[in-house]
Amino acid sequence: MGFPLLSFIIFTPVAGAAVLMFLRGDDAARWTALSFTVLDLALCIAMLVGFDTTTHAMQFTETRPWVPALGINYALGIDGISALFVFLTALLGSICVLASWVAIDRKVKEFMICLLSMQALMLGVFCALDLFLFYVFWEAMLIPMYLIIGVWGGEGRVYAAIKFFLYTLAGSLLFLIGVIVLYFYGGRTFDILALTEQDLPFRIQSWLFFAFLIAFAVKVPMVPVHTWLPDAHVQAPTAGSIILAGVLLKMGAYGFLRFSLPMLPEASMYYSTLMLALSGLAIVYGGLLALAQDDLKKLVAYSSISHMGFVTLGIFALNLRGLEGGILQMFNHGVTTGALFLFVGLIYERTHTRSIADYGGLMKVAPVYTTFLALFTLSSMALPGTNSFVGELLVLSGGFAANLVAGSAAVLGALLGAAYLLGMYGKVALGPASVGARLTIRDVNAREMAAILPLAVFVLWVGLYPKPFLNIIDASVKHLLTHVHSRGSGQ
């Protein structure tokens, strides 16, 4: 009760960034960043150990006045919906530092400061219980991500960074307008929990729903506001791609869970068919785009659009299986797709090419690399025994219960996923040796294994024994569904 655990979790990376400002030397910067991210991960593990899975109430809450005249508070707290994403953010933060150890060889200190700042802001998004505080964290994230892409990215980094910034800024401005409307129509408060108890008129709910939809759809991203994602992924350094896929995309879906459903239940139910249609479109369209790619990083990027379509499908199925599957699949996608981007980065460091045609026969020269790549590829395909199977099974079950067409689109998307993922693995790991494979390519080293193994553990843990993860989200999901259906049945 008395220990501000969430504040420590949020500000530990900030402390690390502050320490980095006074250090000299690239190795000192790397080890300092790694130390603070591992410490942050340890705090998040302590949070999960102390998390009460039997209640839907916010836990580890903190409240301090910030701008009393406007009713703005520094308010933090987590429930079952946000707990896994706080942990995931800290886990991927440590992995990003390890992934950048060799890949980032210029302005290393500045890069690590951006990385730690980004981690702190993302953690703040998942912990904020004040709408104004949430918006500050949400908007401030753009700055370090813009720098990570624009300074340390590839040849087209400036274009990709500006495109990312403009798309997300446009969505954020609509979100800001929605925040102001909520403030005046919701009793002049920024308290997120208090706003969920407001009974807004359907007309206001509808307007806010579409304002939030555009803001969150850009982050997810949903078709047709997805075009910034492939450019950002291709140009970003490996750590930037891991953050984008692993955490940043989840914030759009988290916005639906934290704002659209609980604050706008009537509109959420009324427009659920539209959301299911958009989700089905993203699943199929993203899969077709991935199938057509010959650039390894673009293939994984487009697969993210398809996989996040499963997430929004589960959320707007508005039933227990779909919603739990959607949230679990958010966590699974962060683990699996983050790992795939890590593997793309590892092989790019060795070959300096991302063209699938340049690979071939890697199994012979890098057996450990290709073995773990097989595990994460099968996970992305949702093979039984892997983490994504549990999430997709729940989403498909909930999706078919909500809408037969949307469920069928999800099945088609799963088939497309198997096609492009198996095709990719066959060309990269198996078959005759190509130009890339004839180069001197070393297998993964101890540092790279330290980044790979935690992700592999969660692929198998969630796949073989998902109960602890479902227990975390179960009470909060049931409470949210009860709230939505009781408040939204009026339309």
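Me: Where is the place of A382?
Reply: A382 sits in the loop between α17 (367-380) and α18 (387-402). Helices here are DSSP runs of H or I with at least four residues, strands are E runs of at least two, and both are numbered from the N terminus.

Me: What sort of model is this?
Reply: This is a predicted model, where local features need pLDDT of at least 70, side-chain atom pairs count only at pLDDT 80 or more, and totals for chains, interfaces and linings use all residues. Residues are numbered from 1 along each chain as its sequence is written, and side-chain values use heavy atoms, with hydrogens and water left out.

Me: Back to A382. What is its phi near?
Reply: Phi of A382 is near 65°, which is positive in a residue other than glycine.

Me: Is A382 buried or exposed?
Reply: A382 is buried, at 10% relative accessible area. Buried means under 20%, exposed over 50% and partly exposed in between, using a 1.4 Å probe and protein chains only.

Me: Which other residue has a positive phi without being a glycine?
Reply: H352 does, with a phi of about 60°. H352 lies in the loop between α15 (320-351) and α16 (362-365). With a relative accessibility of 58%, H352 counts as exposed.

Me: New topic. Which peptide bond into P221 is cis?
Reply: The bond from V220 to P221 is cis, with omega near -15°. The bond from V223 to P224 is cis too, with omega near 15°.

Me: Where do those prolines lie?
Reply: P221 is in the loop between α9 (202-219) and α10 (228-235), and P224 is found in the loop between α9 and α10 as well.

Me: What does UniProt place at 128-416?
Reply: An unreviewed UniProt entry gives "domain: NADH:quinone oxidoreductase/Mrp antiporter transmembrane" for those residues. Such annotations may be inferred rather than shown by experiment; feature names are shortened and positions follow the numbering used here. In the model, residues 128-416 are 81% helix and 0% strand, and their end C-alpha atoms lie 38 Å apart.

Me: How many cavities of 30 Å³ or more?
Reply: The count is 5. A cavity is a set of points on a 1 Å grid over the protein atoms alone where a 1.4 Å probe fits but cannot get out, and lining residues have an atom within 4 Å of a point. Points are joined across faces, edges and corners, and the volume is the space filled by probe spheres set on them.

Me: What is the volume of the largest cavity?
Reply: About 60 Å³. Its lining includes L296, F343, Y369 and M424, and α15 gives the largest share, 3 residues.

Technical notes. On a 1 Å grid over the protein atoms alone, a cavity is a set of points where a 1.4 Å probe fits but cannot get out, and a pocket is an open set with protein on both sides within 12 Å along at least five of seven lines; lining residues have an atom within 4 Å of a point.
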